[in-house]
Amino acid sequence: MERGRKIILLCHCILNCNSKVEGLSTFKSMIKNLVDILHSEDVGVIQLPCPEMHVYGIKRWGHVKDQFDTPFFREQCRIILEPTVNQVKNYMDNGYDVLGVVGIDGSPSCGVNLTYRGNFGGEFSCIENYKECIDTLKMVNEEGVFIEELKSILNEKGLDIPFVALLEDDMVRSIEDIKNKLFK
Ligand code: SF4
């Protein structure tokens, strides 16, 4: 049977925007612009698990990387990633082309080029000045925790796969970037 033998890994919320922290998504279901391109390029999709849904569920607050950078969160990332990485290895060992991983820039978990740090934490009712707390929020050129763990597992298994990212505030440029880097 005919098949493209090309696969891409997408962070979970690209195909299911409902998993994002409530209030953040500007899409109703999925990022169709990217999905349409993948369909026209005959690329199959593996949807990565959402680590924040796994650990905290849909009622979670927005977090910063500092809050997810714990041994437990990292361990959970590894646990939920392992079955997918094993499938990826099997595809690659059998001649399939795994084009890359698409992350979500700005996410404390799934950022590839950008994530957020800040002095967040503690009991809300004890914080006298919320603005001071929010003012510590800063975007930094780092990966999120989930992407760090994914890269580390791929590296341990000797799998070399490029990483790119969508930035929701600059979707047109992000998609052009993905096309240039992954579909040359
Ligand atoms: S943790 Fe990752 S997959 Fe889940 S909502 Fe955030 S960016 Fe999307």
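Buried means under 20% relative accessible area, exposed means over 50%, and partly exposed lies in between. I needed that cut-off for my first entry. I also note that this is a predicted model.

**Entry: E148**

I looked up E148 and found it in helix α7, residues 145-156. Is E148 buried, exposed or partly exposed? Its relative accessibility is 22%, so E148 counts as partly exposed. The limit for buried is under 20%. I then took the distance from E148 to D97. The two are 51 residues apart in sequence. From C-alpha to C-alpha they are 22 Å apart in space.

**Entry: N86**

Next I went to N86. Helix α5, residues 71-93, holds N86. I read a relative accessible area of 36% for N86, so this residue is partly exposed. How far apart are N86 and K138 in space? I got 35 Å between their C-alpha atoms. In sequence, 52 residues separate N86 and K138.

**Entry: strand β3 and its partners**

I turned to strand β3, which spans residues 97-104. How many of the residues of β3 are buried? I found 7 of 8, so the strand is mostly covered.

I checked which strands pair with β3. β1 runs parallel to β3, and 5 bridges join them.

**Entry: strand β6**

I stayed with A165 and looked at its strand. β6 covers residues 163-166. In a regular strand the side chains alternate between the two faces of the sheet. I sorted the residues of β6 by side. F163 and A165 lie on one side. V164 and L166 lie on the other. Are the faces of β6 covered or open? Both are covered, and I found all four of these residues buried.

**Entry: the ligand and the largest pocket**

I asked where the ligand sits. The space it takes is the largest pocket. Two elements give two or more residues to the shell around the ligand: α1 (12-15) and α3 (51-56).

Which residues are around the ligand? I listed H12, C13, S19, K20, C50, P51, E52, R60, I104, S107, S109 and C110. By class, I counted 5 nonpolar, 4 polar and 3 charged residues in this shell.

Then I looked at the pocket itself. The volume of the largest pocket is about 820 Å³. Its lining has 33 residues. K20, L24, G106, S107 and P108 lie nearest the centre. I sorted the lining of the largest pocket by class and got 17 nonpolar, 9 polar and 7 charged residues. α1 and α3 each supply at least two residues of this lining.

**Entry: the second largest pocket**

I moved on to the second largest pocket. I read a volume of about 310 Å³ for it. Its lining is W61, G62, H63, Q67, F120, G121, G122, F124, I127, Y130, C133 and I134. Which helix gives the largest share of this lining? It is α6, residues 130-134, with 3 residues. By class, the lining of the second largest pocket has 7 nonpolar and 5 polar residues, and no charged ones.

**Entry: positive phi**

Last, I looked at backbone angles. Most residues other than glycine have a negative phi.

R5 is not a glycine, yet its phi is positive, about 60 degrees. I placed R5 in the segment before β1 (6-10). R5 has a relative accessible area of 42%, so I marked it as partly exposed.

D42 is also a residue other than glycine, and its phi is positive, near 60 degrees. Where is D42 found? I traced D42 to the loop between α2 (32-40) and β2 (44-47). Its relative accessible area is 54%, so D42 is exposed. The limit for exposed is over 50%.

Technical notes:
Residues numbered from 1 in each chain as written. Predicted model: local features only at pLDDT ≥ 70, side-chain atom pairs only at ≥ 80, totals over all residues. Heavy atoms only, no water. Buried < 20%, exposed > 50% of the residue type's maximum accessible area, 1.4 Å probe, protein only. Helix = DSSP H or I, 4+ residues; strand = E, 2+ residues; numbered from the N terminus. Pairing = 2+ DSSP bridges. Near = heavy atom within 4 Å. 1 Å grid on protein atoms, 1.4 Å probe; cavity = no way out; pocket = protein on both sides within 12 Å on 5 of 7 lines; lining within 4 Å. Sits in = over half its atoms within 2 Å of the grid points. Nonpolar A, V, L, I, M, F, W, Y, C, P; charged D, E, K, R; others polar. Points joined across faces, edges and corners; volume = space filled by probe spheres on them.
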